[in-house]
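Hi there,

Here is the structure I promised to pass on.

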Amino acid sequence: MDVETAIRSRRTHKQYGSEPIDEATIRELVSLARHAPNHHLTQPWRFRVLGQATRALVEERCGVKEAIKLRRAPTLVLATAVLTGDPRTDAEDLHATACAVYAVLLGATERGLASYWRTPEAFAEPEVREALTVGEDEQVVALIHLGPKVTDPPEKERAPLDDVLTVLP
């Protein structure tokens, strides 16, 4: 699959097969993420695969409503950005980490996997951050849901190009 096809065919999936994604595939996807652009090669992204014990603890601390959403996908990967405290660098590093997450999503699409980028509100809570071993210098960027594809969500309408592109003189 070429890059354009991966970009145009990537979809948000909310239904997954039950088989977790194997560690080798996760490592391939995170390896792709390491090539995301980042100013001064800060490489601010950190990825954590949530094992069963961590998932159970997070579900307990998040509450029933969020736990139901967390159970949708057999594999969950947390993406965070390590921040420095410098506003400009932190903004760049958050954007770079978002690019790294997108690389994971595109790599998953290329492999025929279902994926979903979420940012659960509960992941800002201290007890959930503790369960996820998120440091005080880190910001949660995404909880990536991954799993076997069981549906093909329809393409969503996008804003017309002329609504988002301006060519300045």
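Below is what I found, going from the whole chain down to single residues.

A word on the ground rules first. This is a predicted model, in which local features need pLDDT of at least 70 and side-chain atom pairs count only at pLDDT 80 or more, while totals for chains, interfaces and linings use all residues. Residues are numbered from 1 along each chain as its sequence is written, and side-chain values use heavy atoms, with hydrogens and water left out.

The protein has seven helices and four strands; helices (H or I, at least four residues) and strands (E, at least two) are DSSP runs, numbered from the N terminus. Starting at that end, the elements follow the order α-α-β-α-α-β-α-β-α-β-α. With 169 residues, the protein has a radius of gyration of 17 Å, close to the 15 Å from the globule rule, so it is as compact as a globular protein of that length. That radius is taken over C-alpha atoms, and the rule is 2.2 Å times the number of residues to the power 0.38. The C-alpha trace spans about 55 × 45 × 30 Å along its principal axes.

Of the 169 residues, 40% are buried (buried is under 20% relative accessible area, exposed over 50%, partly exposed in between, with a 1.4 Å probe and protein chains only). Among contacts with a separation of 6 or more, 80% join residues 24 or more positions apart; contact means heavy atoms within 4.5 Å.

Where does H145 sit? H145 belongs to strand 4 (residues 138-148). Its relative accessibility is 0%, so H145 counts as buried. V164 lies in helix 7 (residues 161-164) and counts as exposed because its relative accessibility is 60%.

Finally, the cysteines: C62 is buried at 17% relative accessibility, whereas C99 is partly exposed at 38%. The disulfide count is zero, taking a pair of cysteine sulfur atoms within 2.5 Å as the rule.

Best wishes
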